[in-house]
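Q: Please show me how to read a structural model, one feature at a time.

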Amino acid sequence: MMDAQENGNGGVKKYRRIDLDKMELEDEDEEELSAVSHPLQGNVNTNNKCSSCVMAYAIFASLNSVLLGYDVGVMSGAILFIRDDLKLTEVQEEVFVGILSIISLFGSLAGGKTSDAIGRKWTMGLASLVFQSGAAITALATSFTLLMTGRLLSGIGIGFGIMIAPIYIAEIAPSTARGTLTSLPEIFINLGILLGYISNYALSGLPSNINWRIMLAVGILPSVFIGFALFVIPESPRWLVMQNRIDEARMVLLKTNENGSEVDDRLAEIRKAATFANEGKAVWRDMLVNPTPGVRKMLVTGCGIQIFQQITGIDATVYYSPRIFENAGIKDNTDILAATVAVGFTKTIFILIAIFLIDRVGRKPLLYVSTIGMTFCLLCLGLTLWTSGEGTIGIVLAVLFVCGNVAFFSIGIGPVCWVVSSEIFPLKLRAQASAMGAVGSRVSSGLVAMSFLSVTRAITVGGTFLVFAAISAVSVAFVHKCVPETKGKSLEQIEMLFFKNDRTEGEVGLGDVEHLIDRQ
């Protein structure tokens, strides 16, 4: 199927793709066999199933995502009381809410290099420590300056956390459950949002100079659990091999693979891939200065889906849902926060549904349902806020369409975005490329959150959501054109999808190919 050839520039072996039709036929045969032996995708057969310890490792690795979710959820309500207690202006409010996403990009950028230097596991620990420090400063702040200091630290910690968790999980998960396990961070983000909403509602009755401080301080608790998790989860076997800690990598593979006879084969593949990755140090040059056509397509897909996830307005919907409901006609703060709890429950329920579907239905069908459904709900929400006034019908429709928007988001582009981004890049590029995608996500989120109030003042809340609806319609076309279906394919087969339509023959490093083969 492939011929190994020498690269005259350095002796690094390359594979040249010459028979893609044959590979596609083999893919179909594998899928037919998988349909027989795996009637429920995501659950694994007796020869290759996701062990309970792999699930536990993935859950522990996802705890950092609770921090981001809780911050998003709690801030939507806490800002109402912070604004009154510390006398914030509207501009200060926008900056305080939105700056976390912008600052988190620095954590994401540093996270790629940091995770290669100190390991995936301890990068997660560093993320937790930095966030914990920021949350404590914010909860104790007595001025806007101290608020921003804590917010900056929290943003850096979140940037580390959201970048490293999908990478770690993808590197320890078996291919048959990779989609389910890699989407766990998105589940925990939604769980954190729900907990934030509940915290807002439960503590809203306290004095306004105290309640928001307790709301923010509660966010420190997940960091404590992450500290305990570091003594439970192992390091990524791929990182251990890159550090030449072969015996430790073998022990991890023995824990995470049900079929012990495959461990030596997988270890050999990882060692060859790590050798190639260590030989090529100019990662950023390979991605940005002189990328191959296939790498360029990967970057468009990975970064594009991250950006569309945010510029369709999901963070604005979550952060400013109290403002949306207030605009629709709800005036009492307690009633507003109760409506946000309904949004949080909706978001969490549908992300759980997505987990059961992502390895059975596939990534792309869920993305179609998600982006089309979001477009419809955003359009209807915009029209409702634009035309209905503040009557009961307008309130009911506004709550319904906000819940519908977050439901469609959570069943598709929310979790699938992180799954696709962690699947498509080879080992050599994975950490830095994932960091680039996370940067695109955080910058987009920050720009939306920091401009939402100003834009709504200029074109109204309803007009703003009509703009989001138009962007969401563009995301449907992006999914159709740029995102391939990766369900049931090994990482090598996924990579081939980005080369098979090239007019010239694509090439990929031998080490990457051998790493990317997941034995079924």
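**Reading surface, core and charge pairs**

A: I353 is partly exposed, with a relative accessible area of 33%. On this scale buried means under 20% relative accessible area, exposed means over 50%, and partly exposed lies in between (1.4 Å probe, protein chains only). The model is a predicted one: local features need pLDDT of at least 70 and side-chain atom pairs count only at pLDDT 80 or more, whereas totals for chains, interfaces and linings use all residues. Residues are numbered from 1 along each chain as its sequence is written, and side-chain values use heavy atoms, with hydrogens and water left out.

Q: How do I check the length of helix 8 against its number of residues?

A: The expected span is 1.5 Å times one less than the number of residues. For the 20 residues of helix 8 this gives 28 Å, and the end C-alpha atoms are 28 Å apart, which agrees. Although helix 8 contributes to the patch, 15 of its 20 residues are buried, so helix 8 is largely enclosed by the rest of the structure.

Q: What do the totals say about the whole chain?

A: The chain contains 24 helices and three strands. Of its 520 residues, 60% are buried. Accessible areas come from the Shrake-Rupley method with a 1.4 Å probe, and for residues only the protein chains shown count as cover. The chain exposes about 19800 Å², and 63% of that is supplied by carbon and sulfur atoms. Contact means heavy atoms within 4.5 Å. Among contacts between residues at least 6 apart in sequence, 83% join residues at least 24 apart.

Q: Which residues have the most contacts inside the largest nonpolar core?

A: In soluble globular proteins, nonpolar side chains tend to be buried together. A nonpolar core is a set of buried Ala, Val, Leu, Ile, Met, Phe, Trp, Tyr and Cys residues joined through side-chain atoms within 4.5 Å. The largest one here has 120 residues, and I82 and F465 have the most contacts inside it. Helix 22 (residues 427–482) gives the most to this core, with 16 residues. Neighbours within four places in sequence aside, F465 is in contact with T317, I324, L378, L381, G382, L385 and F452.

Q: Which residues belong to the other core, of 10 residues?

A: That core lies apart from the largest one, and L240, L253, V263 and I270 are among its members. I270 belongs to helix 13 (residues 263–279) and is buried at 2% relative accessibility. Leaving aside neighbours within four places in sequence, I270 is in contact with P237, R238, V241 and L253.

Q: How many salt bridges does the structure hold, and which parts does the R151 pair tie together?

A: A salt bridge is a side-chain nitrogen of Lys or Arg within 4 Å of a carboxyl oxygen of Asp or Glu. The structure holds nine. In one of them, R151 pairs with D71, with the closest N and O atoms 2.7 Å apart. R151 lies in helix 6 (residues 144–172) and D71 in helix 3 (residues 63–85), so the pair ties together parts that are 80 residues apart in sequence. Both R151 and D71 are buried.

Q: How exposed are the partners R120 and D116?

A: R120 and D116 meet at 2.8 Å, N to O. R120 is buried at 2% relative accessible area, while D116 is partly exposed at 24%. In the bridge between R245 and E248, the closest N and O atoms are 2.9 Å apart; R245 is partly exposed at 33%, and E248 is partly exposed at 37%. R83, D84, E93 and R323 are linked in a network of salt bridges.

Technical notes: Helices (H or I, at least four residues) and strands (E, at least two) are DSSP runs, numbered from the N terminus.
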